[in-house]
Amino acid sequence: MKYCKKLIVIAFCFGLFQSINAQIVVIVNKGNPSADVTLVELKKIFLGDKGKWGNGNKIVLVDQKSNKEVSKKFYAVTTGKSLSAVKESWIKKMLTGAMSPLKVFGTDAEIVSFVSQNAGAVGFVEVKKSYRFCKSTPH
């Protein structure tokens, strides 16, 4: 896949996703120096509490549109909150200007494409055989 060289996988195979037979990876652009992100940092990022990477680049959150079950499980594991609670938190932060709107895509391929082309982007996708990620850091 042409986007392979532009991505770094920073979190691999959340164990709780096995109940829905899905393995999830969090992806960032390969140029992002923050390739080793902890679960605590992911929580801050995906709740909109951390807006910049260590190098000062703005974090651009990318969300799933079509796969609600994967999203529900992802947010439960990374934030400890339900999908609806996470979205409510985002809305409050966006209304106060503390957070920019998320980029939302309908397919994993669209997410991979966007993240590979945007230095500050971070998203999550389901692992599929058709995706080949160049570098991974198991968490």
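Trainee: Is K93 buried or exposed?
Mentor: This is a predicted model, and the accessibility values are computed from it. The relative accessible area of K93 is 17%. The cut-off for burial is under 20%, so K93 with its 17% counts as buried.

Trainee: With which residues is K93 in contact, leaving aside its neighbours within four places in sequence?
Mentor: Contact here requires heavy atoms within 4.5 Å. Once the neighbours within four places in sequence are set aside, the partners of K93 are L47, G48, D49, A98 and M99.

Trainee: Where is L47 found?
Mentor: L47 is one of the contact partners of K93. L47 is also buried, with a relative accessible area of 5%. Its place is the loop between α1 and β3.

Trainee: How many Å apart in space are L47 and V86, C-alpha to C-alpha?
Mentor: V86 is among the residues in contact with L47 beyond four places in sequence, as are T79, K81, S89, W90, K93 and M99. In sequence, L47 and V86 are 39 residues apart. In space, their C-alpha atoms are separated by 6.5 Å.

Trainee: What is the pattern of the protein chain, read along the sequence?
Mentor: The chain has four helices and five strands. Taken in sequence order, they give β-β-α-β-α-α-β-α-β.

Trainee: Which residues of the largest nonpolar core touch the most other members?
Mentor: This core has 21 residues. At least two of its residues come from each of β2 (24-29), α1 (39-46), α2 (68-79), α3 (83-96) and β5 (121-126). The members that touch the most others are I45, F46, L61, Y75, V122 and F124.

Trainee: Which residues are in contact with V122, leaving aside its neighbours within four places in sequence?
Mentor: V122 is one of the core residues that touch the most other members. With its neighbours within four places set aside, V122 is in contact with V26, I27, V28, I45, F46, W53, I59, V60, L61, V62 and V115.

Trainee: Is Q64 buried or exposed?
Mentor: Q64 sits in strand β3 (residues 60-64). Beyond four places in sequence, its contacts are S71, V104, F105, D108, I111, F124 and V125. Because its relative accessibility is 4% and burial means under 20%, Q64 counts as buried.

Trainee: How many Å apart in space are Q64 and G106, C-alpha to C-alpha?
Mentor: Q64 and G106 are 42 residues apart in sequence. Between their C-alpha atoms, the separation in space is 6.1 Å.

Trainee: What is the relative accessibility of K73?
Mentor: K73 is in helix α2. From I24 it is 49 residues away in sequence and 9.6 Å away in space, C-alpha to C-alpha. K73 counts as partly exposed, at a relative accessibility of 30%.

Trainee: What is the relative accessible area of N118?
Mentor: N118 belongs to the loop between α4 (108-117) and β5. N118 and I59 are 59 residues apart in sequence, with 9.8 Å from C-alpha to C-alpha. N118 is partly exposed, and its relative accessible area is 27%.

Trainee: Which residues are the closest to the centre of the largest pocket?
Mentor: The largest pocket holds about 210 Å³ of space. It is lined by 14 residues. By class, that lining has eight nonpolar, three polar and three charged residues. The closest to the centre are G51, K58, I59, M99 and S100.

Trainee: What percentage of the residues in the protein chain is buried?
Mentor: The accessible surface of the chain comes to about 7300 Å², and 54% of that surface belongs to carbon and sulfur atoms. The chain has 139 residues. The buried share of those residues is 44%.

Conventions:
Residues numbered from 1 in each chain as written. Predicted model: local features only at pLDDT ≥ 70, side-chain atom pairs only at ≥ 80, totals over all residues. Heavy atoms only, no water. 1 Å grid on protein atoms, 1.4 Å probe; cavity = no way out; pocket = protein on both sides within 12 Å on 5 of 7 lines; lining within 4 Å. Points joined across faces, edges and corners; volume = space filled by probe spheres on them. Nonpolar A, V, L, I, M, F, W, Y, C, P; charged D, E, K, R; others polar. Core = buried A, V, L, I, M, F, W, Y, C linked by side-chain atoms within 4.5 Å. Buried < 20%, exposed > 50% of the residue type's maximum accessible area, 1.4 Å probe, protein only. Areas by Shrake-Rupley, 256 points an atom, 1.4 Å probe, with all protein chains shown as cover.
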